[in-house]
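Biologist: Hello! I am new to reading protein models, and I would like to learn how to do it step by step. Could we look at one together?

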Amino acid sequence: MNTYILPCYSLNDSSLWVEKTRARSFSEAEDKFINLFVEDYELDTPTDWDELVEMVAKEQEMIIGDIYDVEEF
């Protein structure tokens, strides 16, 4: 299992944080992050990652970055 991180930024209060998850693959990590945002922010389930990024930007005024495998560093 690898650890994946996702940088996030809120335009509302200028806060910056990093979400993290453990997954067997990049695809699994992406799915886990999607579920996290859907549950935490009560969003409709997006069809893919790009739709999630757009939904979060529009509905929550947040910018989410790229997913990174910690081993890349």
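Biologist: Let me start with the helices: are α1 and α2 roughly parallel or perpendicular to each other?

Modeller: Good place to begin, and please keep in mind that this is a predicted model. To judge a helix pair, look at the angle between the two axes. Here the axes of α1 (residues 26-41) and α2 (residues 49-60) cross at roughly 25° and come within 11 Å. Angles under 35 degrees count as roughly parallel, and α1 and α2 are therefore roughly parallel to each other. Their crossing is left-handed.

Biologist: Which residues make the contact between α1 and α2?

Modeller: On the α1 side, look for E30, F33, I34, F37 and Y41. From α2 come W49, L52, V56 and Q60.

Biologist: Now the strands. How many bridges pair β1 with β2, and in which sense?

Modeller: For strands, follow the direction of each one and then look at who faces whom. β1 (residues 2-10) and β2 (residues 16-23) are paired over 8 bridges in the antiparallel sense.

Biologist: Which residue of β4 stands opposite I5?

Modeller: That is Y68. β4 (residues 68-69) pairs with β1 over 2 bridges, again in the antiparallel sense. β1 is also joined to β3 (residues 62-64) by 3 bridges, and these two strands run antiparallel. In that pairing, Y9 has I63 of β3 as its bridge partner.

Biologist: Where is S14 found, and what phi does S14 take?

Modeller: S14 sits in the loop between β1 and β2. The hairpin of these strands has 5 residues between them, and there S14 takes a positive phi near 60°. S14 is not a glycine. E42 is not a glycine either, and has a positive phi of about 50°. You will find E42 in the loop between α1 and α2.

Biologist: Last topic, aromatic rings: how many aromatic pairs are there?

Modeller: With ring centres within 6.5 Å as the rule, the count is 3 aromatic pairs. Take Y4 and F26: their ring centres are 6.3 Å apart and their planes lie at 75°, so this pair is edge-to-face. Y4 belongs to strand β1 and F26 to helix α1, so the pair ties together parts 22 residues apart in sequence.

Conventions:
Residues are numbered from 1 along each chain as its sequence is written. This is a predicted model: local features need pLDDT of at least 70, side-chain atom pairs count only at pLDDT 80 or more; totals for chains, interfaces and linings use all residues. Side-chain values use heavy atoms; hydrogens and water are left out. Axes are lines fitted to C-alpha atoms, for helices over the stretch in contact, and angles run from 0 to 180 degrees between N-to-C directions. Helices (H or I, at least four residues) and strands (E, at least two) are DSSP runs, numbered from the N terminus. Angles under 35 degrees count as roughly parallel, over 145 as roughly antiparallel, 65 to 115 as roughly perpendicular and the rest as oblique. A crossing is left-handed if the near helix is turned anticlockwise from the far one by less than a right angle, and right-handed if clockwise. Contact means heavy atoms within 4.5 Å. Two strands pair if DSSP finds at least two bridges between them. Rings of Phe, Tyr and Trp (its six-membered ring) pair if their centres lie within 6.5 Å; planes under 30 degrees apart count as stacked, over 60 as edge-to-face and the rest as tilted.
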